[in-house]
Amino acid sequence: MDKPTLGLALSGGTAKSVAHIGVLEALEEAGIRPDYLAGTSGGAIVGAIYAAGVPISRLKEIAINLRWKHLARITFPKLGLLSNSGVQRLITDLLGDVTFAELQIPLSIVATDLLRGTKVVLKEGRVAPAVMMSSSIPNVFEPIPHDDTLIVDGGLVEYLPVETVLEYRPDLVVGVNLGYRETRSTLPRHLLHVAMAVTGVAAQHNARLSETKADIVIRPSTARFPSFDLMASSELIGVGYSAAKDRIPDVLAALDRVQAGPGWMERLKFWNRA
């Protein structure tokens, strides 16, 4: 058979999302490049830039120099404390007003229809507005008007977008879950922490289900990092790199098994979830 195709699902994670860069670096070093991408919230930001062909070295540079003043601004409180229009500006400044059709890797971005409570998959038209919609955390950022509704962060419905990347029908799916934790969160210290904790409850629940649909899950240890700390980018990239490096043998073995013929996939899924 032809070379197996790989779908990569990048979870949300707010500032922690730069850990995805380390994951991508480790995969590239092993000669593994995703054929399809799906991203939610922070995963959509990293996924869009990578899908456009920006090299890992440049991605690292962007992450290390990024500050909240580039991404958010205070608003008169109505539907959110902050505007994240800077996210759209960041993507446009880096990539131009690129469309999904112009990306080098097919990409789907997950957002939430706030009024209907349903998942929205964005994969056509302009990339920058889609990234902004996917990363509009409720109660923190203003919802984004779109058609006849309001769009907010995709983590409410699919924090780890495995189901979305499966729509491309890849032979193997790897999910990167930055929100996995085994212990309870620390007590929130201010309103932003409370907003993140509320969103995190929904994300934790739907991510558990998403993990069962992936063939391999990478879980970088990001729990100790604050959600809004952009000063820890270098360390987070290292954490993502280490976590992915540990799973590279599993990914390579899985790709070999898929290529070996039918029947391996079901056995692989059973082995991975045991």
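Reader: How many helices and strands does the chain have?
Author: The chain has 11 helices and 11 strands, where helices (H or I, at least four residues) and strands (E, at least two) are DSSP runs numbered from the N terminus. This is a predicted model, in which local features need pLDDT of at least 70 and side-chain atom pairs count only at pLDDT 80 or more, while totals for chains, interfaces and linings use all residues. Residues are numbered from 1 along each chain as its sequence is written, and side-chain values use heavy atoms, with hydrogens and water left out.

Reader: What share of the chain is buried?
Author: Buried means under 20% relative accessible area, exposed over 50%, and partly exposed in between (1.4 Å probe, protein chains only). Here, buried residues make up 53% of the 274 residues.

Reader: Where does Thr112 lie, and which residues is Thr112 in contact with?
Author: Thr112 belongs to strand β5, residues 107-113, and counts as buried because its relative accessibility is 3%. Contact means heavy atoms within 4.5 Å. Beyond its neighbours within four places in sequence, Thr112 has contacts that include Thr118, Val120, Leu150 and Val157.

Reader: How should I describe two packed helices?
Author: Two packed helices are described by the angle between their axes and the distance between the axes. Axes are lines fitted to C-alpha atoms, for helices over the stretch in contact, and angles run from 0 to 180 degrees between N-to-C directions. The axes of α2 (residues 42-51) and α5 come within 11 Å and cross at roughly 10°. The two helices, α2 and α5, are therefore roughly parallel (angles under 35 degrees; over 145 is roughly antiparallel, 65 to 115 roughly perpendicular, the rest oblique). Ile45, Ala48 and Ile49 of α2 meet Val87, Ile91, Leu94 and Leu95 of α5 in this contact.

Reader: Which residues of α5 are buried?
Author: In α5 (residues 85-95), they are Gly86, Val87, Leu90 and Ile91. These buried residues line one face of α5, because they fall within an arc of 140° seen down the axis (the arc of the directions from the helix axis to the C-beta atoms). Just after α5, Gly96 has a positive phi of about 80°.

Reader: Where is the kink in α10?
Author: The bend at a residue is the angle between axes fitted to the seven residues ending there and the seven starting there. In α10, a kink of about 45° lies at Arg247, shortly before the proline Pro249. After α10 comes Gly261, with a positive phi near 140°.
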